Amino acid sequence: MADLKQRIDEATGTSTVGHEWDGIEELDTPMPRWWLWTFYATIVWGLAYVILYPAWPMVDSATRGVLGWSSRGDLAKEMAADAKRRAPTVNAIAATAITDLPAKPELMQAAVQGGGAAFRVHCVQCHGAGGAGVKKLYPSLTDDDWLWGGDLATIEYTVTHGIRNPDHKATRTSLMPAFGRDGILDAAQIGDVVSFVRTISRQEKVSASSSRGATLFADNCAVCHGAGGEGGRQVGAPKLTDAIWLYGGDRDSLTATITQPRNGVMPRWGGRLDPVTIKMLSAYVYSLGGGEKGLAPVAEGAGADGQP
Amino acid sequence: MASPEDLSGQSAPLYEARKGVYPKAVNGPFRRFKWAIMAVTLVIYYGTPWIRWDRGPYAPDQAVLVDLANRRFYMFQIEIWPHEFYYVAGLLIMAGIGLFLVTSAVGRAWCGYACPQTVWTDLFQHVDRLIDGDRNAQVRLANGPWTAEKLAKRVIKYGIYLAIAFWTGGAWIMYFADAPTLTADFWTGQAALVAYGTVAVLTATTFILGGFMREQVCVYMCPWPRIQTAMMDEKSLLVTYKDWRGEPRGSVKKAQAHPGGFGDCIDCNQCVAVCPTGIDIREGPQIGCITCALCIDACDRAMAQVGRPRGLIDYCTLDDAATEKAGGTGQPIRKTLLRPRTLIYFGVWTAIGAAMLFSLGQRTRLDLAVQHERSPLFVQLSDGHIRNNYTLKLRNMETRPRRVAVSVSGLPGAVLWTDAGSREKAGQRIELALPADSVTSVKLFVAAPAIGPARQDFTIGTRGLDGDPRGDSDIIQFDRPEAGQ
């Protein structure tokens with residue numbers, strides 16, 4: 001400490017600390033007294049905080065603090081507050097028949113949003129984000145073609161009861177025979193049916209093969225798919241005259257489908273989700289762009305077990 | 001506690017108590033100027049939220065309102081939306097450059113006249129004089145014992161401090177809600193907790209900073225004095241004690257006894273007595289000098305009394321100080337103010353202001369933002385057409401409901417409909433009703449023939465149908481399945 005050269009600085013009248021680095025010296029200006037009190041105040045604040053709030057780390061957790069505050073408790077409070085905030089809307093949706101939802105735009109919008117949240121949890125695994133579907137596996141829910149029907153009540157029924165759940169009586173079910181695998185039709189006949197199906201969907205011109213196929217179609221397929229291939233929603237038989245092909249519309253895909261159909265399965269959600277969530281899910285699916293306005297004639301046109 | 005004793009053996013205090021400052025009342029042109037600025041700034045601060053401004057039934061009628069809950073900023077006929085926050089950024093830049101301009105021209109004028117800390121400190125010092133009397137009485141009272149009179153005066157004075165502080169804190173929250181409603185709610189206990197909290201915090205800061213901290217804020221807390229030191233140059237105006245004229249100091253009697261032996265400074269100490277930060281300007285420029293110029297008023301009065309010319313303490317640049325010291329005369333004030341540096345600052349400041357005014361005049365109050373839905377990018381429709389989904393965000397920034405049309409162009413054969421419509425009734429154009437002063441989100445479906453490029457840009461546009469046909473448009477992509485998909 002031999003290099004200390006403490007002196008009074010002329011310009012300020014303040015003593016220097018005594019250090020000197022390349023001619024730069026430091027003034028020993030006293031700190032203001034209030035700064036010291038501010039410093040003591042922060043210590044008091046810190047002590048109070050440690051007593052009131054979780055602070056001191058222990059082996060497996062921290063001291064709890066006398067206020068009993070926790071971030072988990074905050075979350076629970078927020079969740080409860082949010083549930084309380086949403087309760088009137090949820091109750092209103094529960095009390096409204098699904099077919100009456102579109103007449104109440106605010107309720108419909110809330111249902112679509114709630115349904116979207118549920119969809120992202122329960123449905124995207126197969127139907128994809130936004131209901132885009134997966135080619136050759138799961139149907140798109142955004143287009144204007146429906147296997148079992150696309151109005152609100154029908155969608156709600158499908159979501160509630162699922163498709164082809166063998167242990168559930170009310171489930172939507174049907175079975176397309178495996179024409180190729182079970183030897184109902186031989187390879188040539190299947191080729192003719194493929195030609196006919198591609199003719200009615202305007203992918204091929206009429207040919208000798210398609211003419212033979214027309215007869216085979218009338219005998220084997222028309223009972224479900226309709227005489228002109230217009231489909232049958234009572235049994236989930238797809239329309240064969242449009243541009244939408246779940247399992248592909250080219251010759252190879254059609255041949256594969258007729259030889260060994262997939263008969264796709266969807267779980268029923270009736271037991272897993274509450275009715276309001278299912279209602280909201282249905283509203284969401286309906287809103288994706290393909291929702292059908294017409295109310296399903298539930299009484300007369302319904303299937304054998306009351307399916308809309 | 002470690003102390004300098006360890007190093008030097010000398011005892012220097014680590015901490016220093018605030019020395020009381022009891023500025024004497026003074027009158028003069030600068031004092032009157034400060035009165036005027038104090039009156040104007042306080043009236044603006046306390047009064048602005050109470051000005052009404054009719055905007056019709058769909059918007060608040062408060063002239064200046066920062067509506068945080070609804071994310072709107074109203075300033076007379078201007079309404080700013082959150083996405084137009086760059087106007088506020090522009091104002092802040094103008095404020096910054098304005099400070100550069102003022103500092104380079106007239107030094108720490110902001111500190112001396114317009115800074116809230118200065119204005120409120122000035123106000124509280126007037127309260128001191130009102131209750132305790134002028135400088136000498138204040139010093140006597142402060143040093144005297146705690147008598148009943150002193151106690152009474154302190155209670156009254158701090159009561160007035162508190163009233164001013166509370167009023168100041170209360171005025172602040174009026175900028176963030178309808179002032180009459182909030183006032184009623186505040187006194188009936190119905191206002192938001194944050195309103196009471198804000199008033200409490202601002203009351204406390206005003207009470208402490210204005211009533212007790214005063215010049216300590218300027219000297220120890222505020223960064224601006226330090227920044228200003230870097231902003232000033234030898235042509236900036238400074239409150240200067242002209243030592244070449246004043247020194248050596250001596251009373252009138254001494255000067256009469258030794259003609260020619262003394263300067264003009266009669267060492268009356270008035271410049272120190274009136275200083276609100278308690279400094280001696282004769283020691284030269286220093287961080288504690290906020291250039292309020294009250295010492296100029298005090299010195300001019302003293303000079304007038306002894307019959308000497310005014311301006312022993314005066315606004316003076318460093319350049320002029322050197323010239324005058326050498327016997328010359330300084331430049332006229334006009335030349336000090338008008339020089340390249342100040343003119344460039346002024347030019348930039350004006351250009352930003354003009355650009356903001358221009359863009360304010362040009363902005364349309366109907367705005368469209370289109371988002372292409374990504375999942376799915378496109379939907380195969382049963383009749384072979386392709387549908388794309390979009391989310392439209394339509395901003396109606398006028399305070400009236402509007403009717404607008406949305407249409408597409410550049411996509412042959414396209415039709416559009418919303419989730420409220422249907423494809424059967426779809427056409428080239430849809431009409432929408434937009435509520436006043438709000439963002440409307442619309443799900444838009446656009447269907448077009450499958451023949452066409454896999455990715456095609458087209459335009460979605462909107463325009464007003466109710467008098468003002470101006471609108472907005474967005475170029476966005478239409479996707480189709482690629483060959484083989």
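Two strands pair if DSSP finds at least two bridges between them. Strands here are DSSP runs of E with at least two residues, helices are runs of H or I with at least four, and both are numbered from the N terminus.

First, the ground rules. This is a predicted model: local features need pLDDT of at least 70, side-chain atom pairs count only at pLDDT 80 or more, and totals for chains, interfaces and linings use all residues. Residues are numbered from 1 along each chain as its sequence is written, and chains are lettered from A and ligands numbered from 1 in the order in which they are written.

Now the sheet. Strand 2 (64-67) and strand 3 (72-75) of chain B run antiparallel, joined by four bridges. B:Leu65 has B:Tyr74 as its bridge partner. Four residues separate the strands of this hairpin, and B:Arg71 has a positive phi near 55°. Strand 3 of chain B also pairs with strand 4 (78-80), again antiparallel, through three bridges. There, B:Phe73 stands opposite B:Ile80. This second hairpin has two residues between its strands, and B:Phe76 in the turn takes a positive phi of about 50°.

On to the interface. 28 residues of chain A are in contact with 27 of chain B; contact means C-beta atoms, placed from the backbone, within 7 Å. On the chain A side, strand 3 (31-32) and helix 1 (33-52) each supply at least two residues. Helix 1 gives the most, with three. A strand pairing crosses between the chains too. Strand 3 of chain A runs parallel to strand 1 (15-16) of chain B, with two bridges. A:Pro32 is partnered with B:Glu16.

What about the interior? A nonpolar core is a set of buried Ala, Val, Leu, Ile, Met, Phe, Trp, Tyr and Cys residues joined through C-beta atoms within 7 Å. Buried means 20 or more other C-beta atoms within 10 Å, exposed means 12 or fewer, and partly exposed is in between. The largest core has 34 residues, and B:Val239, B:Leu294 and B:Ile313 are among those that touch the most other members. Helix 15 (294-305) of chain B is one of the elements giving two or more residues. Beyond its sequence neighbours within four places, B:Leu294 contacts residues including B:Val26, B:Phe30 and B:Cys275.

Last stop, a loop. B:Asp134 sits between helix 5 (116-132) and helix 6 (135-143) of chain B. Why is B:Asp134 classed as partly exposed? Because 14 other C-beta atoms lie within 10 Å.

Notes:
Contact = placed C-beta atoms within 7 Å.
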